[in-house]
Amino acid sequence: MRVKNASGVLMVLLLLGTGPLRAGSGALPPGLLSGSWHSQEGDQVLRFEPDRVLVSREGKVLVWGIEGYSHSVLLVRSQGQLHRWPLLLEGDMLQIQKEKEVQKLRRHSDVPPDLTLSPIKLGHGAELPVKRVLEVQQELAARLKEDQAVRKDPSRRGEMGRVNAENGRFLRTLVEEVGWIDSRRFGRQTSADAVILLQHTMDIPLVSAVLPMIEQDFKAAGPGAELFAIVFDGLRIDLGQKQRFGTQVGEDLKGEPLVLPLESIEQVEAYRKELGLPPLKDYLAKASQVLYDGKPIRMPQPDE
């Protein structure tokens, strides 16, 4: 799964089927699993779409991308990793055979609003009084300092979830009020601070809403383009897809560091060059030192 992202570098910065199932075998037929599916063992709610599964859990929406479907078996991707889900459907009851458990769900005809995954509505982005701009600049700088402190101090790692959640709630409220924290109104440094905090929220509706503004501020060739690449790739991974620029690293099932799956291993260097980014091997060498004490980060295999 995606356990680390490259912002740390910046801061130094159904029926059981048989037979093989591979990515691209087919999309989930529309209407087959319509409605919403409520877990019998907890508060998890699922919605199936032809190319993805939306999961509502503890007030947050997660996404499993569907990479193949055949003989009532789904091949899904979450946080970079592929999983095989055999399905058993009996009336309004569904069983999903996962690696370590069988999940039992019941169909409901309605779909909860939080399973639509729509981008949030942003504020208008009007000019602000100097005092308000300064308040935002100072608050974001303080929050970023705390964000980095809990990541760099091993004794505070347990606070990371709380800090991420608090910053996510703050960012949502802020951008709904004033719009995205763009460079024009708040300065490039404050905008970069906001981008790094945003990446750690894993809030898909929020990230989806502001990515076009981040692209406008940071995509132009140069060192700042890495911020755009990180958010772009991070959103792809959170949506159960493959990344483009190779900025997202994690660990395989054996705990070994790797680049999370790429849209195109053959084209990744060309994509990076278009943004003015250094070669991936140089980026990974730095990430290896910062995140893994020098342990090499391997490239993904074609079937990962």
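**Exercise 1. Helix α5**

Find which residues of α5 are buried, and state how many that is out of its residues.

*Solution.* Go through the helix in order. The buried residues are Thr190, Ser191, Ala192, Asp193, Ala194, Val195, Ile196, Leu197, Leu198, Gln199, His200 and Thr201. That makes 12 of 14, and α5 is mostly covered. Keep in mind that this is a predicted model.

Next, take the span. Helix α5 covers residues 188–201, which is 14 residues. From its first C-alpha to its last it reaches 20 Å. At 1.5 Å a residue, 20 Å is expected, and the helix is close to that.

Last, look just past the end of the helix. Met202 takes a positive phi of about 55° there.

**Exercise 2. Salt bridges**

State how many salt bridges the structure holds, then work through the pairs of Arg156, Arg298 and Arg47.

*Solution.* The count is 22. Side chains of opposite charge can pair when their charged atoms come close.

Take Arg156 to begin with. Arg156 forms a salt bridge with Glu146, and the closest N and O atoms are 2.5 Å apart. This pair links distant parts of the chain: Arg156 lies in the loop between α2 and α3, Glu146 lies in helix α2, and 10 residues separate them. Glu146 is partly exposed at 30% relative accessibility. Both residues belong to a network of salt bridges, together with Glu159, Arg162 and Glu166.

Move on to Arg298. Its side chain meets that of Glu304 at 2.8 Å, N to O. Arg298 is partly exposed at 28%. Glu304 is also partly exposed, at 23%.

End with Arg47. Its partner is Glu49, with the closest N and O atoms 3.6 Å apart. Arg47 has a relative accessible area of 23%, so it is partly exposed. Glu49 has 15%, so it is buried.

**Exercise 3. The barrel and strand β3**

Give the order of the strands in the barrel, then describe the pairing of β3 with β2 and with β4.

*Solution.* Read the barrel order. 8 strands close up as β2-β3-β4-β5-β6-β7-β8-β9, with antiparallel pairing. Neighbouring strands are turned by 35° against each other on average, direction ignored.

Now focus on β3, residues 45–49. It is largely enclosed by the rest of the structure, because 4 of its 5 residues are buried.

On one pairing, β3 meets β2 (residues 36–39) through 2 antiparallel bridges. His38 has Val45 in β3 as its bridge partner. β2 and β3 form a hairpin with 5 residues between them.

On the other pairing, β3 meets β4 (residues 52–57) through 5 antiparallel bridges. Val45 stands opposite Ser56 in β4. This hairpin has 2 residues between its strands.

Strand β7 (residues 81–90) and strand β8 (residues 93–97) run antiparallel, joined by 4 bridges. Leu87 stands opposite Ile96 in β8.

**Exercise 4. The β10–β11 hairpin**

Find how many bridges pair β10 with β11, and which residue of the hairpin takes a positive phi.

*Solution.* Strand β10 (residues 248–251) and strand β11 (residues 257–259) pair antiparallel over 3 bridges. Gly250 has Leu258 in β11 as its bridge partner. The hairpin has 5 residues between the strands, and Gly255 takes a positive phi near 85°.

Notes
Residues are numbered from 1 along each chain as its sequence is written. This is a predicted model: local features need pLDDT of at least 70, side-chain atom pairs count only at pLDDT 80 or more; totals for chains, interfaces and linings use all residues. Side-chain values use heavy atoms; hydrogens and water are left out. The expected span of a helix is 1.5 Å times one less than its number of residues. Buried means under 20% relative accessible area, exposed over 50%, partly exposed in between (1.4 Å probe, protein chains only). Two strands pair if DSSP finds at least two bridges between them. A salt bridge is a side-chain nitrogen of Lys or Arg within 4 Å of a carboxyl oxygen of Asp or Glu. Axes are lines fitted to C-alpha atoms, for helices over the stretch in contact, and angles run from 0 to 180 degrees between N-to-C directions.
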